[in-house]
Amino acid sequence: MAKRVFCIGNGESRSPIDLIRLRPHGKIYGCNGLYRDFTPDVLTAVDGAMMHEVYQSEYKGELWLRDWNPIPGMTYSSVVYANLTPNEIEIAKKNFKLYENKRGDKEHYVFQGSAISGQVGIIRRLASGEQIEKKQINHTGCYVSWVDIKNDNTHNLRDIDKKTNSDRGWACGATSGYIALKQNEDLEELFMIGHDLVSDTDNINNMYKSTINYGDEKNKPIPSVNWITQWETLMKEFPKVKFIKVNPNGIRGNTPVNTNIEEWNKHTKKNLSYMTFKEFDETFNCI
């Protein structure tokens, strides 16, 4: 078990940090699209589209996903297509988004999203030749990942807490922190890198903005209230662990990212501190 972990968020502040150089110094936990550029020791994803993107990329690392429940392949037709006829299935494929990897010899799959089976009425109207307006068709994605339950390293978030067997339903960042804390009982330090929580501009703050399964770069920042509350819950539950939030200028800057989180002020005398990039680099030589 690790005594130090680095929890990597995808806020843009982390862009100068060379994550590879952190490997010798602790265990690395990451979120969502981080896998596109770097393989952490443990990766977490909680949103349907992103979970299936990661899995279907044939990601080989340890992976924790929400509601990841493999079901027998024999149920595929009834679950996904509601036993439609072959002709109706072809119509469904042309009019509804189905994101699916190749089955190969896999005997189980995970299904999430908007079931095509819920559109049977529309599909049969299309099959009869009726013209249907696009706005009448539910274009929400349907995700199917054929899984190798014997050999992959993918886990359901419910399994991280053996006592409750429950998923807290949190955002990905705090969820990855929770996994790190549960997996490493003797943990002493948890560094929060790229967990900016806020934006220094009027737009979304994310390394992967305007890419698939992420918000458009012109979108407004995502409200941070849930992220702040969830991380604070962890600070309370794990008082012996030192949480270190790494900002470019610590809390001495004059931008939203480089200021202290007011809701966490009561923890600064207990188990929370802030660190500048300069201090972080002096310790780990990673910038």
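The lining of the second largest pocket splits into three nonpolar, six polar and six charged residues (nonpolar means Ala, Val, Leu, Ile, Met, Phe, Trp, Tyr, Cys and Pro; charged means Asp, Glu, Lys and Arg; the others, Gly among them, are polar). The model is predicted, so to speak of local features takes a pLDDT of at least 70 and side-chain atom pairs count only at pLDDT 80 or more, while totals for chains, interfaces and linings use all residues. Residues are numbered from 1 along each chain as its sequence is written, and side-chain values use heavy atoms, with hydrogens and water left out.

A pocket here is an open set of points on a 1 Å grid over the protein atoms alone, where a 1.4 Å probe fits and protein lies on both sides within 12 Å along at least five of seven lines; lining residues have an atom within 4 Å of a point. The second largest pocket has 15 lining residues, with Y55, E58, K60, K106 and D148 nearest its centre.

Then there is the largest pocket, at about 660 Å³ (the space filled by probe spheres set on the points, which are joined across faces, edges and corners). Its lining has 31 residues, and N32, C172, N206, I222 and W227 sit closest to the centre. Helices α5 (172-183) and α6 (225-237) each bring at least two residues to that lining (helices are DSSP runs of H or I, at least four residues, and strands are runs of E, at least two, numbered from the N terminus). By type, the lining of the largest pocket holds 15 nonpolar, 13 polar and three charged residues.
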